[in-house]
Amino acid sequence: MEYCSRCLYPANAKPTIIFDEEDGVCSGCNYHASRESRLANIDWDERERMFARICEEAKRLAKERGNPYDCIVPVSGGKDSHYQVWLLKERYGMTPLLVTFNHAFNSPIGDRNLANLVEKSGCEHIRQTAGLDSVRRLSLHMLKTVGDLTWHYHAGIRTLPFRVAVEKNIPLIVWGEHGFAELTGIVTLEDFVEFTKWTRKEHDMRGIEAHELIGKGGITASDIAPYVFPTDEEIERVGVRGIYMSNFFKWDAKFQVETVMRQWDFSPVSYERDRTFNLYAKVEDHANDVHDYLKFLKFGYGRATDDASMEIRHGRMTREEGIEQVRHYDAREPRTLAFYCELMGISVDEFYRIIEPMRDPAIWEKVNGDWRMKDAVYRHPIGAAEEAARVKQNVDRTFSPANQALYFNPLNPPLKRGFPAADEFPLRCQVL
Amino acid sequence: MLKHRLIAVIIVRQGQVVQSVQFKHTNVIHYDAIHAVEAFNAWDIDELVLLNVSRKPESRDGFLQVVESASRYCFVPLAAGGWIGDDDYASRLLRSGADKLVLNTALADDPALVSRLSEKYGAQCIVASLDVKHDAAGKATVFVDRGRRDTGQPPAEWARRAESLGAGEIFFNSVDQDGARQGYDLASLKAVCGAVGVPVIAFGGVFTWQHLLEGIQAGADAVAAANIFHYTEHSTKKAKTYLLEHGVNVRRSGTLKTFQENAD
């Protein structure tokens with residue numbers, strides 16, 4: 001397997017990745033590096049002004065339409081939603097309508113943080129909860145066919161804000177980061193990419209539109225109702241446009257989480273997580289551990305690879321330190337696996353059997369009945385290419401005492417936060 | 001008067017759709033070309049061009065499958081090119097669903113193949129692609145072999161030669177402008193449009209809808225772009241609306257965002 005010469009991504013990283021032919025650096029690293037204005041000629045001050053103009057235009061339109069809200073912010077209650085809403089409200093004087101698709105697999109800290117966001121922001125909020133019967137059917141069907149038990153999340157999160165936009169005649173949806181650009185660089189910063197229905201279908205929904213599921217695994221038309229996107233005509237009538245804030249601000253999750261912890265009391269967790277050293281990202285998503293473990297079972301890498309790669313790009317972690325995290329976390333079976341198997345009515349053995357045919361032969365092989373990885377980033381010595389690709393090291397180190405609350409370091413574990421949602425690892429999810 | 005066409009180009013490398021910047025592939029936009037075909041097809045595009053830009057000729061068989069699956073979803077003319085080095089592969093591309101063949105390196109290495117294909121399938125099936133590049137002194141010549149080999153020939157000469165070999169259309173691209181977001185290489189484009197009698201498709205460098213208009217004004221019959229059409233919702237509809245509003249005669253389908261013509 002080929003690995004990026006800078007971060008830890010393998011050549012089979014999802015959704016798509018490409019390595020530079022000359023220095024072996026991946027498109028995700030190049031996207032990240034392009035934020036530095038001298039490299040890609042990006043003028044962040046000008047971009048902020050562009051964002052301010054978009055906000056002014058949205059306010060003008062809201063006034064013209066007699067609309068109480070000038071935009072929609074899709075929120076989960078995570079660190080990004082806190083930061084988006086905080087920035088829009090406090091710095092740009094916007095009046096967003098918050099929209100949450102409740103996929104039902106919430107962690108206690110997620111519910112705490114969502115309630116916190118609604119309280120602190122003072123914004124109006126709509127939360128639509130998916131029916132648990134349909135969630136069970138969709139999850140099981142998707143697990144069996146594409147090895148994903150959270151398809152309904154992505155479908156719901158990328159659909160509900162547009163349904164609300166059409167219903168309430170709100171033309172602007174403000175997303176946070178362009179996640180796929182952030183991870184593996186599928187698009188560039190220079191292009192001002194906006195939300196497209198094809199990204200939703202191709203990347204968020206694995207190429208499967210909701211209506212294609214009717215009749216499969218007992219899925220009914222009412223099961224998929226929350227995932228049906230408005231028609232092109234409806235979108236055009238309202239003029240709905242979805243923008244990504246990461247095109248206008250130099251996105252750095254760590255800086256943002258520090259901001260919203262200080263400003264609005266966002267809370268990370270203090271217990272060690274099963275799949276990563278990061279204590280603040282995706283903590284609201286209880287099924288994320290199993291979801292991420294599936295990525296490992298299919299493609300041989302997991303969340304520690306994602307999170308360590310991001311730290312390496314920021315120069316807060318060396319390649320060597322990152323590799324240690326991958327070695328420690330990527331292959332770990334999450335403690336919540338049994339719970340999700342029970343929820344879907346299958347045994348853990350059955351779970352592993354379902355995944356068998358989805359193992360990527362580029363990384364997995366079966367030897368005497370056991371699946372073995374053919375390669376791993378930690379089996380590769382650090383050579384001249386990796387040395388040449390290193391970024392300048394940041395004085396801010398991931399595992400420094402100052403970052404104790406943000407990254408799990410067994411030598412310096414985080415302090416308890418003083419309430420169970422943040423301090424106790426939850427084995428089960430909560431629907432509401 | 002013939003309508004001007006808007007063409008989306010899909011750059012395929014090892015089965016995936018990539019962004020091309022000066023013929024280097026910087027990022028992968030789609031893991032499957034189908035998603036791009038589906039979108040453009042629903043957004044009033046007039047034609048699609050699928051180009052296999054993989055560096056390796058072994059990519060040829062995989063590309064046939066891309067063409068075949070694209071043709072199932074594509075309801076407009078579909079041109080395909082990349083690594084067409086013999087009659088057999090040309091015929092396999094056509095049987096996979098391509099309506100036209102895009103030839104580039106063959107114009108330099110095997111001109112007889114170009115003429116033979118034109119005779120067999122008709123000139124309307126043969127699109128001669130030319131990649132223009134400027135040297136340090138600013139002289140423009142045509143490159144072949146994925147932008148790696150300089151023919152030393154000026155674009156206008158090369159286009160005339162392509163026409164005489166039997167090409168029914170010229171697909172103009174610029175190595176320098178590709179992915180540079182600065183618009184077409186208008187000087188070379190004008191020279192090519194002035195040199196041939198067959199339609200010219202302008203390509204390479206579009207970042208605003210105005211760039212498309214500049215292509216038409218430079219004499220191109222059709223205007224094409226790749227990267228930019230992937231970035232926003234209903235992109236090709238918006239591009240056509242812009243062209244309509246600026247007096248360009250383009251095909252209007254029922255779903256194209258209404259452009260209000262002044263009532264007579």
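**Exercise 1. The contact between the chains**

Task: Find how many residues of chain A are in contact with how many residues of chain B, and state how much area is buried between chain A and chain B.

Solution. Step 1: 28 residues of chain A are in contact with 28 residues of chain B. The model is a predicted one.

Step 1: The size of an interface is often given as the accessible area lost when the parts come together. Between chain A and chain B about 2,500 Å² is buried, and carbon and sulfur atoms give 47% of this area.

Step 2: On the side of chain A, the residues that lose the most area to chain B are Ile18(A), Trp198(A) and Glu236(A), which together make up 27% of what that side buries.

**Exercise 2. Polar contacts and helices at the interface**

Task: Count the residue pairs in polar contact between chain A and chain B, and find which helix gives the most to the side of chain A that touches chain B.

Solution. Step 1: Between chain A and chain B there are 18 residue pairs in polar contact, counting pairs with both residues at pLDDT 80 or more.

Step 1: Two helices of chain A, α10 (197-204) and α11 (232-238), each supply at least two residues of the side that touches chain B.

Step 2: With five residues, α10(A) gives the most to that side.

**Exercise 3. Salt bridges between the chains**

Task: State how many salt bridges the rule finds across the interface of chain A and chain B, then describe the pairs of Arg181(B) and Glu38(B).

Solution. Step 1: Side chains of opposite charge can pair when their charged atoms come close. The rule finds six salt bridges across the interface of chain A and chain B.

Step 1: Asp20(A) forms a salt bridge with Lys24(B), with the closest N and O atoms 3.6 Å apart. This distance is within the 4 Å cut-off for a salt bridge.

Step 2: Arg181(B) forms a salt bridge with Asp191(A), and here the closest N and O atoms are 2.7 Å apart. Arg181(B) lies in the loop between β10 (169-174) and α7 (186-195) of chain B, and Asp191(A) lies in the loop between α9 (179-184) and α10 of chain A, so the pair joins two chains. Asp191(A) has a relative accessibility of 4% and therefore counts as buried.

Step 3: Glu38(B) forms a salt bridge with Lys201(A), the closest N and O atoms being 3.0 Å apart. This pair also joins two chains, because Glu38(B) is in helix α1 (residues 33-42) of chain B and Lys201(A) is in helix α10 of chain A. Glu38(B) counts as partly exposed at 27% relative accessibility, whereas Lys201(A) counts as buried at 11%.

**Exercise 4. Aromatic rings**

Task: Give the number of aromatic pairs over all chains, and classify the pair of Tyr293(A) and Phe296(A).

Solution. Step 1: A search of the whole structure finds 31 aromatic pairs over all chains.

Step 1: The ring centres of Tyr293(A) and Phe296(A) are 6.3 Å apart and their planes are at 20 degrees, so the pair is stacked. The cut-off for stacked rings is an angle under 30 degrees.

Step 2: Tyr293(A) and Phe296(A) both lie in helix α13 (residues 288-299) of chain A, three residues apart. Both residues are buried.

Step 3: Elsewhere, ring pairs link Phe51(A), Tyr92(A), Phe192(A), Phe248(A) and Phe249(A) into a cluster.

**Exercise 5. A buried threonine**

Task: Decide whether Thr141(B) is buried or exposed, and find which side chain is in polar contact with that of Thr141(B).

Solution. Step 1: Thr141(B) lies in strand β8 (residues 140-144) of chain B.

Step 1: Its relative accessible area is 6%, so Thr141(B) is buried.

Step 2: A polar contact of 2.9 Å joins the side chain of Thr141(B) to that of Asp150(B).

Key. Residues are numbered from 1 along each chain as its sequence is written. Chains are lettered from A and ligands numbered from 1 in the order in which they are written. This is a predicted model: local features need pLDDT of at least 70, side-chain atom pairs count only at pLDDT 80 or more; totals for chains, interfaces and linings use all residues. Side-chain values use heavy atoms; hydrogens and water are left out. Rings of Phe, Tyr and Trp (its six-membered ring) pair if their centres lie within 6.5 Å; planes under 30 degrees apart count as stacked, over 60 as edge-to-face and the rest as tilted. Helices (H or I, at least four residues) and strands (E, at least two) are DSSP runs, numbered from the N terminus. Buried means under 20% relative accessible area, exposed over 50%, partly exposed in between (1.4 Å probe, protein chains only). Contact means heavy atoms within 4.5 Å. Buried area is the accessible area (1.4 Å probe) that two parts lose on being put together, summed over both. A salt bridge is a side-chain nitrogen of Lys or Arg within 4 Å of a carboxyl oxygen of Asp or Glu. A polar contact is a pair of N or O atoms within 3.5 Å; within protein, one must be able to donate a hydrogen and the other to accept it, and residues adjacent in sequence count only if both atoms are side-chain atoms.
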